[in-house]
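Please load the model in a viewer and keep the selection tool at hand.

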Amino acid sequence: MSTRLEALPHRHVLTLPTLPSAVRLSRETAERALAEWGMDLRHPAIGPALLILGELVTNSIRHAAVLSPQVTVIYAAGENCLAFAVHDRHPYQPPLYGAVADTGGGGLATVMELTLGLGGTAVVRGDADGKGKSIWITLPL
């Protein structure tokens, strides 16, 4: 998928404390933003996209909260594409491809299975200072 994220006409940024409530709030915000952007929330990719988003925010809460008091979610969309990133200030950059589900289910294995199953892409982008990262998911619509 070669969509340039900068070219997507819709964007929204949400920063929340790394608390369990961030999962629900990030999903609700995604639904509101998509509806405001005129996207059909019944599109077959939207449900899995919200699950992916929830898993990524949950991972930040579980694994990064000790160093990252906040998690930031960036939402972007265009006519044929949905993209989002979850950013925290923990330096560890998990391997996405090859993530396995033998760690109790869920997590990055679920994220990657859903992303690839929808024909999407995933990438980890480290912060310039090396003290944080974003996991970007891009899905075709």
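A nonpolar core is a set of buried Ala, Val, Leu, Ile, Met, Phe, Trp, Tyr and Cys residues joined through side-chain atoms within 4.5 Å. Buried denotes a relative accessible area under 20%, exposed one over 50%, and partly exposed the range in between, using a 1.4 Å probe and protein chains only. The model is predicted, so local features need pLDDT of at least 70 and side-chain atom pairs count only at pLDDT 80 or more, while totals for chains, interfaces and linings use all residues. Residues are numbered from 1 along each chain as its sequence is written, and side-chain values use heavy atoms, with hydrogens and water left out.

**The cores**

Select L53, L56, V57, F84 and I137 to begin. Of the 33 residues in the largest nonpolar core, these touch the most other members. Elements giving two or more residues to this core are β1 (10–17), α1 (21–36), α2 (46–64), β2 (70–78), β3, α3 (107–117), β4 (121–126) and β5 (133–140). Helices (H or I, at least four residues) and strands (E, at least two) are DSSP runs, numbered from the N terminus. The largest share of the core, eight residues, is supplied by α2.

Next, centre the view on V57. Not counting residues up to four places away in sequence, V57 touches A22, V23, S26, V73 and V86, where contact means heavy atoms within 4.5 Å. Then highlight C81, A83, A85 and W136, which are among the members of a second, separate core of seven residues.

**Helix α3**

Which residues of α3 are buried? Select G107, L108, A109, T110, V111, M112 and T115: these are the buried residues of α3. Their cover includes α2, β4 and β5. Just after α3, G119 adopts a positive phi of about 80°.

**H87 in strand β3**

Move to H87, which lies in strand β3 (residues 81–88). H87 is buried, at a relative accessible area of 17%. Its side chain makes a polar contact with the side chain of D127 (2.9 Å). A polar contact is a pair of N or O atoms within 3.5 Å; within protein, one must be able to donate a hydrogen and the other to accept it, and residues adjacent in sequence count only if both atoms are side-chain atoms. Leaving aside residues up to four places away in sequence, H87 touches Q70, V71, T72, D127, K133 and S134.

**The salt bridges**

How many salt bridges does the structure hold? There are five, a salt bridge being a side-chain nitrogen of Lys or Arg within 4 Å of a carboxyl oxygen of Asp or Glu.

Select R24 and E28, whose closest N and O atoms are 3.4 Å apart in a salt bridge. Because they are four residues apart in helix α1, R24 and E28 are separated by about one helical turn. R24 is partly exposed at 46%, and E28 is partly exposed at 30%.

Go on to D40 and R42, whose side chains meet in a salt bridge (3.4 Å, N to O). D40 is partly exposed, at 41%, whereas R42 is exposed, at 71%.

Finish with R89 and D129, a salt bridge whose closest N and O atoms are 2.6 Å apart. This pair links distant parts of the chain, 40 residues apart: R89 is in the loop between β3 and α3, and D129 is in the loop between β4 and β5.
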